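Dear colleague,

Please find the structure below, handed over for your use. My notes on what was found in it follow directly after.

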Amino acid sequence: MKTKADPYTRTSFGRFLQKTRIEKNIRLSNIAQQTRIRTQILSAIEKEEHDNLPAESFVKGLLKSFAKAVGTDEAEVLRLYEQDRQAFDELNQLQSKLNRSKRGG
């Protein structure tokens with residue numbers, strides 16, 4: 001039975017994948033070779049650099065491939081990504097509103 005994670009300590013999608021990969025002693029270069037995803041993209045996924053990732057429709061496929069390569073639950077990774085992406089988008093919207101208000105517009 002799953003318990004609801006504390007929102008202040010929950011694991012994000014990138015950390016979840018990175019932690020799984022490290023625990024299984026898998027090098028990022030091995031995942032790149034297996035999945036044919038560039039190491040830079042895999043690194044951006046682990047670091048959750050949304051601005052350095054391709055379009056969301058591609059990211060979901062990349063996440064599934066990454067999860068499969070490290071032997072973890074693809075659905076869980078996608079769920080974590082959706083949560084993080086929503087928070088990232090909301091933060092960007094707030095930042096845009098703040099910038100507009102500072103400019104007087």
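R85 is located in helix α5, where helices are DSSP runs of H or I with at least four residues, numbered from the N terminus, and strands are runs of E with at least two. Its side chain makes a polar contact of 3.5 Å with the side chain of H50. A polar contact here is a pair of N or O atoms within 3.5 Å; within protein, one must be able to donate a hydrogen and the other to accept it, and residues adjacent in sequence count only if both atoms are side-chain atoms. Apart from neighbours within four places in sequence, R85 is in contact (heavy atoms within 4.5 Å) with H50 and E56.

Please note that this is a predicted model, in which local features need pLDDT of at least 70 and side-chain atom pairs count only at pLDDT 80 or more, while totals for chains, interfaces and linings use all residues. Residues are numbered from 1 along each chain as its sequence is written, and side-chain values use heavy atoms, with hydrogens and water left out.

Helix α5 (residues 74-103) also carries Y81, and helix α1 (residues 13-23) carries F13; these two residues are 68 apart and their pairing links distant parts of the chain. The structure holds one aromatic pair, and F13 with Y81 forms it, edge-to-face, at 5.2 Å centre to centre and with 90° between the planes. Rings of Phe, Tyr and Trp (its six-membered ring) pair if their centres lie within 6.5 Å; planes under 30 degrees apart count as stacked, over 60 as edge-to-face and the rest as tilted. F13 counts as buried because its relative accessibility is 0%, and Y81 is likewise buried at 0%. The classes are buried under 20% relative accessible area, exposed over 50% and partly exposed in between (1.4 Å probe, protein chains only).

Turning to helix α3, which spans residues 39-47 and includes E46, the buried residues are I41, L42, S43, A44, I45 and E46. Their cover includes α1, α2 and α4. E46 has a relative accessible area of 6% and is therefore buried. The side chain of E46 is joined to that of R21 by a polar contact of 2.6 Å. Not counting residues up to four places away in sequence, E46 touches G14, R15, L17, Q18, R21, L28 and F66. Of these, G14 is 32 residues from E46 in sequence, yet the two are 3.9 Å apart in space, C-alpha to C-alpha.

Just after α3, E48 takes a positive phi of about 60°. E48 is not a glycine and lies in the loop between α3 and α4. At 19% relative accessibility, E48 counts as buried. N25, also not a glycine, has a positive phi of about 55° and sits in the loop between α1 and α2. With a relative accessible area of 71%, N25 is exposed. Most residues other than glycine have a negative phi.

Finally, the axes of helix α2 (residues 28-35) and helix α4 (residues 56-70) come within 10 Å and cross at roughly 115°. Axes are lines fitted to C-alpha atoms, for helices over the stretch in contact, and angles run from 0 to 180 degrees between N-to-C directions. In this contact, L28, I31, Q34 and T35 of α2 meet S65, F66, A69 and V70 of α4.

Yours sincerely
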